[in-house]
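Please open the model in your viewer and keep the selection panel at hand. The tour goes from a core to one of its residues, and then to a pair of helices.

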Amino acid sequence: MASEEQCSAPPRWRSISLTHVEYPAGDVTGQVLAYMSLLPIAILVGFVTLIIFKRELHTISFFGGLVMNEGLNWLLKHILQEPRPCGGSRSSLTTEYGMPSSHSQFIWFFVVYFFLFLYLRMHQTNNARCVELLWRHILSIILLGAALSVSYSRVYLLYHTWSQVIYGGVAGMVMGVVWFLITQEVLTPLFPKIAAWHISEFFLVRDTSLIPNILWFEYTVTRSEARNRQRKLGTKLQ
């Protein structure tokens, strides 16, 4: 909980341009954490970009899980109706309820789902096992640090209490595991049929669930095609 001193004599707040995220004026740590709390927005923008340019069913399913996770958060907030620190007095807040934290629930859903996808769904078929595991571990550490930073920022900036952030994180992790299992066991077997729909073919929606490592596959296919075209171009110029 925020202390009475923090609520009775709050600092002068400044907002990041074009956003509603506020931080205490002159507080460098608060400013950095305010930018970190914008990470969920960056993730959503990244998903929309991937869906537009990749149009892959697993990515669409992942995004759908994030949307349902947000819907669950809205429902829980209006059922529990626990106020934010300082009575939710911040003018930039969209709702006065704080339990559970939507930022915490969002980021932990994303991180847990990504962990499961990274270690269970995505596996390499070549012999670069050590390098493969190294970059996965590094990426996992970065994601874990980002999730902790986003969660801490909500408490530091007086948007949530620790209990609201912790319960939000637990809800997000549970939802991430459940949605990953649903995607793998229920939706993935349906992806080939969905990709074969006329509307899916019209919008170039594709299914890559049978490809163990889509990054490696796209890299090798693109490199091979580029080399073939380069050889053909070289032959024509001779």
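Begin by selecting Phe62, Leu66, Ile107, Phe109 and Phe110, which touch the most other members of the 20-residue largest nonpolar core, a core being a set of buried Ala, Val, Leu, Ile, Met, Phe, Trp, Tyr and Cys residues joined through side-chain atoms within 4.5 Å, where buried means under 20% relative accessible area with a 1.4 Å probe, protein chains only. This is a predicted model, in which local features need pLDDT of at least 70 and side-chain atom pairs count only at pLDDT 80 or more, while totals for chains, interfaces and linings use all residues. Residues are numbered from 1 along each chain as its sequence is written, and side-chain values use heavy atoms, with hydrogens and water left out.

Next, colour α3, α4 (57-80), α5, α6 (129-156) and α7 (162-187), the elements that give two or more residues to this core; α5 supplies the largest share, nine residues. Helices here are DSSP runs (H or I, at least four residues), numbered from the N terminus.

Now centre on Phe109, whose contacts (heavy atoms within 4.5 Å) include Phe62, Leu66, Asn69, Met173 and Trp179, not counting residues up to four places away in sequence.

Finally, show α3 (residues 39-53) with α5 (residues 102-121), which pack at about 50 degrees with their axes 10 Å apart. The two helices are therefore oblique to each other, the class left after under 35 degrees (roughly parallel), over 145 (roughly antiparallel) and 65 to 115 (roughly perpendicular). Select Leu39, Pro40, Ile43, Leu44 and Phe47 in α3, which meet His103, Phe106, Ile107 and Phe110 in α5.

Conventions:
Axes fitted to C-alpha atoms, helices over the stretch in contact; angles between N-to-C directions. Buried < 20%, exposed > 50% of the residue type's maximum accessible area, 1.4 Å probe, protein only.
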